[in-house]
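Biologist: I would like a close look at one part of this model. Please take me through its aromatic rings, step by step.

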Amino acid sequence: MPIPGVTGVDHFGLTVPDLDQAHEFFTEVLGCEYLYRLGPYAHDDGWMSEQLGVDDKAVMRRLHFYRLGGRAIFEVFQYEAPEQNPVPPRNSDVGGHHIALYVEDLDAAVADLHRRGLRVLGEPTTSSGASEGQRWVYFLSPWGLQCELVSYPNGKAFDHNPQAFD
């Protein structure tokens, strides 16, 4: 039984080492619309650990909100915290993650990433099985956030015949 009333994803929260660098990435590379900023936040009681699960001495210096394509919202934080791990998790690490972004022309998007000097992991891959019709590739933000570009202009095999993939 799902949580009553869940209707969709509202936003994704990400912590970055440098919010100015992240602002440039989200607005200039991804084309996000900058919405607003909040912060700083610090508490001298147990609020940070109780409400956010971070060290009570953590300081959220500031956070920015961005919108991509009129829909997805990114809430991007810059924290200072004792024993903060500065290394982003890999996909294989517990808590590992990536952001997948749909593009109309994967080859043009990959060429743009190379032009910008961003690290692209390997070459575009053609999917098979239920995802046949899709191509994808991973790339890294300047601070190591794992991102994926995906494209399936004619849909995926699953879209055309879902019963075949039960």
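Are Phe26 and Tyr66 buried or exposed?

Modeller: Keep in mind that this model is predicted. Phe26 is buried, and Tyr66 is buried too. Now look at how their rings meet. A pair of aromatic rings is described by two things, the distance of the centres and the angle of the planes. For Phe26 and Tyr66, the centres are 5.2 Å apart and the planes stand at 15°. Stacked pairs need planes under 30 degrees apart, so Phe26 and Tyr66 count as stacked. Next, find the two residues along the chain. Phe26 belongs to helix H1 (residues 19–29), while Tyr66 belongs to strand E3 (residues 59–68). The pair therefore ties together parts that are 40 residues apart in sequence.

Phe26 has another ring partner, Phe25. Here the centres lie 5.6 Å apart and the planes are at 85°. Edge-to-face pairs need an angle over 60 degrees, so Phe25 and Phe26 are edge-to-face. Both of these residues are buried.

Now widen the view. The model holds twelve aromatic pairs. Ring pairs join Phe25, Phe26 and Tyr66 into a cluster with Phe12, Tyr34, Phe74, Phe139 and Trp143.

Methods: Residues numbered from 1 in each chain as written. Predicted model: local features only at pLDDT ≥ 70, side-chain atom pairs only at ≥ 80, totals over all residues. Heavy atoms only, no water. Phe/Tyr/Trp six-rings, centres within 6.5 Å; stacked < 30°, edge-to-face > 60°. Buried < 20%, exposed > 50% of the residue type's maximum accessible area, 1.4 Å probe, protein only. Helix = DSSP H or I, 4+ residues; strand = E, 2+ residues; numbered from the N terminus.
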